[in-house]
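Please open the structure in a viewer and keep the selection tool at hand.

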Amino acid sequence: MNPDTISNLFVFLLATFLGLEVIRRVSPLLHTPLMSLTNAISAIAVVGSLIIAGRSETTLSGVLGTVAVAASMVNIVGGYLITYRMVKMFKKREPKKP
Amino acid sequence: MNENVIHFVYLASVACFILSLKWLSAVPTARRGVTIGVLGMLLAVGGTLLDPSIEHYRYLAGAAVVGAIIGVPMAMMPMTAVPQRTALSHAFGALAAALVGTAEFYLRTPNLDHFTMVALTLEVILGALTITASLMAAGKLQELLPTRPIVFRNQNIVNLSVLGLAVVIGAILIVNPGLAWLFPIMLMLCIVFGVLLIMPIGGADMPTVLALLNSYAGLSASMMGFVLNNKLLIVAGALDGSSGLILSIIMCRAMNRSFGNVLFGAFGQVQTSAAATEQKPYRSASAEEAADLLSSASSVIIVPGYGMAVAQAQHKVRELFDVLTKQGCLVRFAIHPVAGRMPGHMNVLLAEADIPYDKLLEMDDANPEFPQTDVALVIGANDVTNPGARHEKGSPIYGMPILDVDKARTVMVIKRSMNPGFAGIDNELYYMDKTLMLFGDAKGFVGEVVKALASE
């Protein structure tokens, strides 16, 4: 096992625990926006897609990578837009208090 | 030199994603959270494009434009359709991960070390099964597919053997990455397993399943990070994976069920026979009578459920909220964690209808309030209000935490008919002396109540 793998495992472990701690604090009020935001963040697969498509070492990898770029882009654009739309809807009272 | 720049850009991107999730935890900072999330993604994409080995910009740009063209309408869907939209986007995320994994495998076979192969296999298995599972979930939520659980004999054995076979092939590939012909077989098995996995899942379990698929899509991206030796992917994917995991644990806890029970339990099919028993007496009331009671109440808690979303009644409910509030009544909403078809679904629907979010109570905050409440008005919710969950040991929902609606002074339930709900379980709440059944379509009925209240 090379040293990169070990440090990657450390990073994975720490990120998972950090994620658990951060997400645990998210108010249930915002669980739906949370899901669409993490959806947008999981479109980070775009990085791998760009690398594979951009290098296009074989026709197969070029095609698969390009489709992957498009699929990730759907989530980046769609995910952030809908999260923003939802978050904007949460308002404090604007009708006058009795 | 360029290499280092990329690493620093990625580092900044990771910081943005963490802040993004942190700021999303509360409403006042949530918008900032989305903005910094966008920044994180821009940095990630920008940093990647700095890599000199990346060419073919024209194709990349073309693909990005196509993706954006599909993505924008997906963001404009109505809030009632958010669960199926979310399922669909899980499918896209998983598709990207599975495709990259597949491309990477064929590029590097047979020169893959065992550890990379472990990550790659996990990436492809999780990715491929999430594609079809998410599409199935979306189909069920959109009601293109039957929403009932579809069950057949030996279902669990069949399902597990399909997955088991895929894992065995994965293990063979890890040991011997040169056996490239096995790869498509593994891929196909996972695609089939995704379909099989969702077939027995009913509508009420969708929140858990959506959260779980969210987690899979994230983990798949994280595994891609191991394959490509890219820490940005590892972190962002892991954040996603843990988010999905937490949400599904919360959902399971809210139903008092285990993961295994949700995935392999085929909820609801057992109970249908027990539902048909003798007719018990119940009281019903008209919209005018309900309005009379509501106008003399000083506190009301509304309990919305999926039925409210189906009837598109949330805007009428907001009118009711306005009228009652104007009369000096304290109106709040009690929201069960699994109300609706995805985590937090009810909150978004009510927020969209302009109901202030500080009137939305979580279950633990709402339950102590019921005994001091004049009227609990249940709209389109059923199992989450069933007092039987507290004491009926034989009931499939026994032990599930419920909203203590029955402790309010008067209970009103808007319902189409006396038919039992999704789980096919009779709700003893309906036969209590203090309960009034209001029969009708949620939207129409609430509209009539509002009219009656306004004319007083």
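**First stop: an enclosed space**

The largest cavity has a volume of about 40 Å³. The model on display is a predicted one, and a search of the whole structure finds one cavity of 30 Å³ or more. To locate the cavity, select B:Leu294, B:Leu320, B:Leu377, B:Met412, B:Ile414, B:Leu438, B:Phe445, B:Val446 and B:Val449, which line it. By class, these lining residues comprise nine nonpolar, no polar and no charged residues.

Next, colour strand 5 (410–415) and helix 18 (442–454) of chain B, each of which supplies at least two residues of this lining. Helix 18 of chain B gives the largest share, three residues.

Turn now to the second largest pocket, which holds about 650 Å³ of space. Its lining has 24 residues, and those closest to the centre of the pocket are B:His7, B:Tyr10, B:Leu228, B:Asn229 and B:Asn230. Selecting these five residues brings the centre of the pocket into view.

Which elements give two or more residues to the lining of this pocket? From chain A they are helix 1 (3–24) and helix 3 (45–55); from chain B they are helix 1 (2–23), helix 4 (82–108) and helix 9 (231–255). Helix 1 of chain B contributes the largest share of the lining, seven residues. Sorted by class, the lining of the second largest pocket contains 12 nonpolar, four polar and eight charged residues.

**Third stop: the interface of the two chains**

Colour chain A and chain B separately. The contact involves 84 residues of chain A and 105 residues of chain B. Between the two chains an area of about 8300 Å² is buried, and carbon and sulfur atoms give 76% of it. Select B:Leu24, B:Arg31 and B:Met41: this trio supplies 7% of the area that chain B buries against chain A, more than any other three residues.

Polar contacts also occur here, with a count of 21 residue pairs between chain B and chain A. The side of chain B that touches chain A has 64 nonpolar, 26 polar and 15 charged residues.

Side chains of opposite charge can pair when their charged atoms come close. Over all chains, the structure holds 15 salt bridges; across the interface of chain B and chain A there are two.

Select B:Asp51 and A:Arg55, whose side chains meet in a salt bridge at 3.5 Å, N to O. Then select B:Asp354 and A:Lys91, where the N to O distance in the salt bridge is 2.7 Å.

**Last stop: two backbone features in chain B**

Select B:Thr109 and B:Pro110, which are joined by a cis peptide bond with omega of about -5°. B:Pro110 is found in the loop between helix 4 and helix 5 (114–141) of chain B.

Finally, select B:His56 in the loop between helix 2 (27–50) and helix 3 (57–75) of chain B. Although B:His56 is not a glycine, its phi is positive, at about 55°.

Terms used
Residues numbered from 1 in each chain as written. Chains lettered and ligands numbered in written order. Predicted model: local features only at pLDDT ≥ 70, side-chain atom pairs only at ≥ 80, totals over all residues. Heavy atoms only, no water. 1 Å grid on protein atoms, 1.4 Å probe; cavity = no way out; pocket = protein on both sides within 12 Å on 5 of 7 lines; lining within 4 Å. Points joined across faces, edges and corners; volume = space filled by probe spheres on them. Helix = DSSP H or I, 4+ residues; strand = E, 2+ residues; numbered from the N terminus. Nonpolar A, V, L, I, M, F, W, Y, C, P; charged D, E, K, R; others polar. Contact = heavy atoms within 4.5 Å. Buried area = accessible area lost by both parts, 1.4 Å probe. Salt bridge = Lys/Arg side-chain N within 4 Å of Asp/Glu carboxyl O. Polar contact = N/O pair within 3.5 Å; in protein donor to acceptor, adjacent residues only side chain to side chain.
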